[in-house]
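Let's take a look at how two protein chains meet, and at what sits inside them. Here is the structure, followed by a short briefing.

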Amino acid sequence: MQKTFDIAVVGGGLVGMAIAFGLAKRGKRVVVCDGEDNALRAARGNFGLVWVQGKGANCVNYARWSLHSADAWQGFADELLARSGVSIGFCRPGGFNIAQSREELASKAEAMQRLHLAEPRLKFEVLESKELAQRLPAVGPHAAGAIYSPNDGHVSPLYTLRALFAAYERVGGEYAPNANVTEINPTSGSFRLRVANGHTLEAGRVVLAAGLGNRTLAPQVGLRAPVKPLRGQILVTERVRPFLAHPTIYVRQTVEGSVLVGDSAEDVGFNDGVTPDVLADIARRAIAPFPLLEHVRVVRAWGALRVMTPDGLPIYEESASHPGAYLATCHSGVTLAAAHCDTVAPWILGGDRPALLDTFYANRFAV
Amino acid sequence: MPTDLLFKTLPLAQQTTVRIYIDEQMHEVPGTLSVAAALLAAGHLACRTTPVGDNERAPFCMMGVCFDCLLEIDGVPNRQGCMTLVRDGMQVRRMQGARSIA
Ligand SMILES: Cc1cc2nc3c(=O)[nH]c(=O)nc-3n(C[C@H](O)[C@H](O)[C@H](O)COP(=O)(O)OP(=O)(O)OC[C@H]3O[C@@H](n4cnc5c(N)ncnc54)[C@H](O)[C@@H]3O)c2cc1C
Ligand code: FES
């Protein structure tokens with residue numbers, strides 16, 4: 001039996017679910033086709049930052065887009081709580097980017113100043129080591145200083161995903177697990193999707209939000225998604241009393257007390273494992289600014305693959321040859337979730353393409 | 001609580017005993033037990049309180065999975081009581097919330 005929907009979203013990660021929820025709550029019949037249990041899912045292995053600081057050093061529009069979403073995040077979190085009953089622990093106390101040396105601090109400060117000149121709503125402070133020690137007492141004596149930005153926050157990414165699923169289903173969205181899309185056939189005025197379990201679906205529009213899977217799906221509807229995996233490894237410690245009231249770019253404490261440590265980047269293809277050398281390096285880089293972590297026990301570690309375009313910027317595009325087919329991919333799907341839900345979804349429903357998305361076409365990669 | 005009555009050490013395990021201290025109180029327990037089992041045998045159900053809600057937790061899975069048996073053992077906080085065997089002279093403390101590092 002073939003089912004018919006207004007819109008089919010391919011991929012149930014953070015990008016797909018944020019868009020699908022945004023579509024379904026606006027009254028559309030939506031289906032999300034998602035991969036198998038062992039699919040690669042950045043949405044389940046990420047660090048949970050809603051981060052603006054330093055983003056878009058070479059593309060102010062990306063900085064603006066990140067800020068736009070971060071500014072919408074509190075409303076998004078409140079709506080998710082109201083609609084799903086799941087509290088996702090979002091808070092935005094501002095974030096610190098700690099520098100180990102004076103030179104590093106100076107270059108970070110200079111980059112922030114450039115961004116601030118281009119977009120005055122990007123706020124930051126440069127803190128020398130003494131001031132940093134006052135503002136963030138957990139930092140030890142060896143940090144040279146830090147950039148503080150009130151734009152940054154963090155959230156539990158797993159609760160966010162769970163809340164999105166619950167809210168999406170509450171507003172009538174349909175979810176198809178184990179439904180890898182293998183083929184998309186544009187028919188007259190709609191799309192027929194062939195799914196790995198043998199079923200087919202028909203939808204008026206299709207949104208490609210399949211993370212690394214977009215690479216092979218996009219060409220079937222005249223789009224391009226030159227995305228590649230970039231592995232990140234993360235360590236989680238035992239729960240400890242709250243000692244860190246702000247997220248930093250690679251150490252943050254969750255509301256439950258665990259400390260997440262991360263931020264490695266390796267080009268290792270589709271291998272999402274962990275390696276002792278990288279984990280040791282991650283631990284060293286955390287203990288240097290936070291010596292009090294030295295004897296805290298690590299309880300878990302994992303690797304996950306980022307979805308990276310060649311320049312690290314997102315792609316949002318409607319197919320020119322097959323109108324109604326959309327592509328959405330980005331490497332900061334937590335940060336951008338609020339914008340995907342309330343800015344990208346209305347565009348897919350037929351609204352004007354938001355001006356903020358101006359630069360994010362795949363033709364920028366044309367050689 | 002009904003679990004008071006449910007926890008029984010089998011006669012098989014009643015061999016040599018060791019002395020451990022639970023919150024400074026001396027207990028003589030079978031030397032083959034895990035710390036979590038020794039706590040239950042001594043009638044201490046809750047071994048910790050949770051970091052966020054301050055709710056009491058007792059050893060639950062007894063096989064290293066749930067982390068509900070966290071205890072301070074010989075001065076080291078957050079050790080899994082079910083994965084640690086008792087030892088003569090061991091100092092066990094129940095944990096109040098998360099460990100402090102500051
Ligand atoms: C280590 C690490 C740390 C990160 N830290 C942060 C952070 O702090 N802040 C932040 O904003 N972002 C962070 N990210 C990025 C963020 O996790 C991703 O941007 C986001 O999860 C991307 O979501 P996605 O939905 O595009 O892809 P994914 O989460 O990978 O989901 C893709 C989904 O598509 C499905 N799929 C694939 N192919 C098909 C197909 N053919 N048919 C059907 N379904 C398919 C898969 O099953 C999967 O569920 C981090 C990522 C990593 C790896
Ligand atoms: S009782 Fe579950 S981990 Fe110890």
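**Where the chains meet, and what lies inside**

Between chain B and chain A, the rule picks out 1 salt bridge across the interface. Keep in mind that this is a predicted model. Below, we start with that meeting point and then head for the nonpolar cores.

**The interface**
- The salt bridge pairs Glu238(A) with Arg99(B), and their closest N and O atoms are 2.5 Å apart.
- Chain B puts 14 residues into the contact, and chain A puts in 13 residues.
- How big is an interface?

**The largest nonpolar core**
- This core has 63 residues, and the members touching the most others are Val9(A), Leu23(A), Trp65(A), Trp73(A) and Tyr316(A).
- Among the chain A elements giving it two or more residues are strand 1 (3-10), helix 1 (14-24), helix 2 (60-84) and helix 8 (337-348).
- Domain 1 (4-49 + 158-226 + 311-360) and domain 2 (95-150) of chain A each supply at least three residues to this core.

- Which residues does Leu23(A) contact, leaving aside its neighbours within four places in sequence? They include Ile7(A), Val9(A), Val30(A), Val207(A) and Leu349(A).

How values were computed. Residues numbered from 1 in each chain as written. Chains lettered and ligands numbered in written order. Predicted model: local features only at pLDDT ≥ 70, side-chain atom pairs only at ≥ 80, totals over all residues. Heavy atoms only, no water. Core = buried A, V, L, I, M, F, W, Y, C linked by side-chain atoms within 4.5 Å. Buried < 20%, exposed > 50% of the residue type's maximum accessible area, 1.4 Å probe, protein only. Helix = DSSP H or I, 4+ residues; strand = E, 2+ residues; numbered from the N terminus. Domains from an automatic or database assignment. Contact = heavy atoms within 4.5 Å. Salt bridge = Lys/Arg side-chain N within 4 Å of Asp/Glu carboxyl O.
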